[in-house]
Amino acid sequence: SEHKALVFGIAAAMLILAGLLQWKTLDAPCPADPTLANACANTRKQALWIYLGSVLIFLIGAFFAFVAPFFV
């Protein structure tokens with residue numbers, strides 16, 4: 001609890017960096033081989049969903065760490 005601002009700040013920075021990397025590789029080409037291209041597309045979709053889930057978990061945690069105590 002004493003270091004929650006530091007922990008959430010570092011986590012936010014890592015999520016922002018991950019989001020920038022997701023954005024940068026959005027238009028990167030996949031292999032020409034159909035099997036590898038399909039695996040590439042599926043991996044990108046899964047990575048996006050994992051990233052969005054991580055952001056959601058971060059926002060829920062930040063809410064309970066910083067906002068909810070004002071209502072209790």
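Which residues make up the largest nonpolar core? Phe8, Leu15, Tyr51, Phe58, Ala62 and Ala65 do, 6 residues in all. This is a predicted model, where local features need pLDDT of at least 70, side-chain atom pairs count only at pLDDT 80 or more, and totals for chains, interfaces and linings use all residues. Residues are numbered from 1 along each chain as its sequence is written, and side-chain values use heavy atoms, with hydrogens and water left out.

**Nonpolar core**
- A nonpolar core is a set of buried Ala, Val, Leu, Ile, Met, Phe, Trp, Tyr and Cys residues joined through side-chain atoms within 4.5 Å.
- Buried means under 20% relative accessible area, exposed over 50%, and partly exposed in between (1.4 Å probe, protein chains only).
- In the largest core, made up of Phe8, Leu15, Tyr51, Phe58, Ala62 and Ala65, α1 and α2 each supply at least two residues.
- The largest share of this core, 4 residues, comes from α2.
- Helices are DSSP runs (H or I, at least four residues), numbered from the N terminus.
- Alanine 65 is in contact (heavy atoms within 4.5 Å) with Lys4 and Phe8, leaving aside its neighbours within four places in sequence.

**Disulfide**
- The structure holds 1 disulfide, a term for a pair of cysteine sulfur atoms within 2.5 Å.
- Cysteine 30 and cysteine 40 form this disulfide, with sulfur atoms 2.1 Å apart.
- The pair links distant parts of the chain, 10 residues apart: cysteine 30 sits in the loop between α1 (4–24) and α2 (34–67), cysteine 40 in helix α2.
- The S-S torsion of cysteine 30 and cysteine 40 is about -70°, so the disulfide is left-handed.
- Cysteine 30 counts as partly exposed because its relative accessibility is 29%.
- Cysteine 40 has 18% relative accessibility, so it counts as buried.

**Largest pocket**
- On a 1 Å grid over the protein atoms alone, a pocket is an open set of points where a 1.4 Å probe fits, with protein on both sides within 12 Å along at least five of seven lines; lining residues have an atom within 4 Å of a point.
- The largest pocket has a volume of about 170 Å³, the space filled by probe spheres set on the points.
- Leu21, Gln22, Trp23, Thr25, Leu26, Arg44, Ala47 and Leu48 line this pocket.
- α1 and α2 are the elements that give two or more residues to the lining.

**Asparagine 38**
- Asparagine 38 lies in helix α2.
- At 46% relative accessibility, asparagine 38 counts as partly exposed.
- Asparagine 38 and leucine 59 are 21 residues apart in sequence and 32 Å apart in space, C-alpha to C-alpha.
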